[in-house]
Amino acid sequence: QVQLVESGGGLVQAGGSLRLSCAASGSIFGITGMGWYRQAPGKQRELVATITGGGSKVYANSVKGRFTISRDNTKNTVYLQMDTLKPEDTAVYYCNVAVYGKPNWGQGTQVTVSS
């Protein structure tokens, strides 16, 4: 079983920054991709950013140039540095970690950006 613990969400003014963390533990031998998704009220969950074990990154167009995903394989942790935040970034952010190709989801952390 995989446990994911997310932290770092909160309330911030537009233009501000937040850093999300997601630490994986448990049956995590075989971690491959790690990433972040978000879901705003009334909308479907969408990809924000992903990073492979080799460090290749993919970003949603809406966050390119503002968000940076990274990972520390020694700590089994993935990070999302969010800069120049906008009100439309308001959502619950979910960590996703693939173990042998099977996705595992965190509990979600709320990010609220006020205008």
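This is a predicted model: local features need pLDDT of at least 70, side-chain atom pairs count only at pLDDT 80 or more; totals for chains, interfaces and linings use all residues.
Beginning with the secondary structure, the chain contains eleven strands and zero helices, so that, read from the N terminus, its elements run β-β-β-β-β-β-β-β-β-β-β. The radius of gyration is 13 Å, close to the 13 Å that the globule rule gives for 115 residues, and the chain is therefore as compact as a globular protein of that length. Along the principal axes, the C-alpha trace spans about 40 × 25 × 25 Å. Of the 115 residues, 41% count as buried, and among contacts with a separation of 6 or more, 53% come from residues 24 or more positions apart.

Turning to charge, there are 11 positive and 6 negative side chains, with the centres of the two sets lying 5 Å apart, and the salt bridges number three.

Let me take these bridges in turn. R38 pairs with E46, their closest N and O atoms being 2.7 Å apart; R38 is buried at 6% relative accessible area, whereas E46, at 37%, counts as partly exposed. R38 also forms a salt bridge with D89, here with the closest N and O atoms 3.0 Å apart, and this pair links strand β4 to the loop between β8 and β9, across 51 residues.

D89 in turn forms a salt bridge with R66, with 2.7 Å between the closest N and O atoms. Because R66 sits in the loop between β6 and β7 and D89 in the loop between β8 and β9, the pair ties together parts that are 23 residues apart in sequence. D89 is buried at 1% relative accessible area, and R66 is buried at 9%. Through shared partners, then, R38, E46, R66 and D89 are joined into one network.

Key:
Residues are numbered from 1 along each chain as its sequence is written. Side-chain values use heavy atoms; hydrogens and water are left out. Helices (H or I, at least four residues) and strands (E, at least two) are DSSP runs, numbered from the N terminus. The radius of gyration is taken over C-alpha atoms; the globule rule is 2.2 Å times the number of residues to the power 0.38. Buried means under 20% relative accessible area, exposed over 50%, partly exposed in between (1.4 Å probe, protein chains only). Contact means heavy atoms within 4.5 Å. Lys and Arg count as positive and Asp and Glu as negative; His and the chain ends are not counted. The place of a charge is taken as NZ of Lys, CZ of Arg, CG of Asp or CD of Glu. A salt bridge is a side-chain nitrogen of Lys or Arg within 4 Å of a carboxyl oxygen of Asp or Glu.
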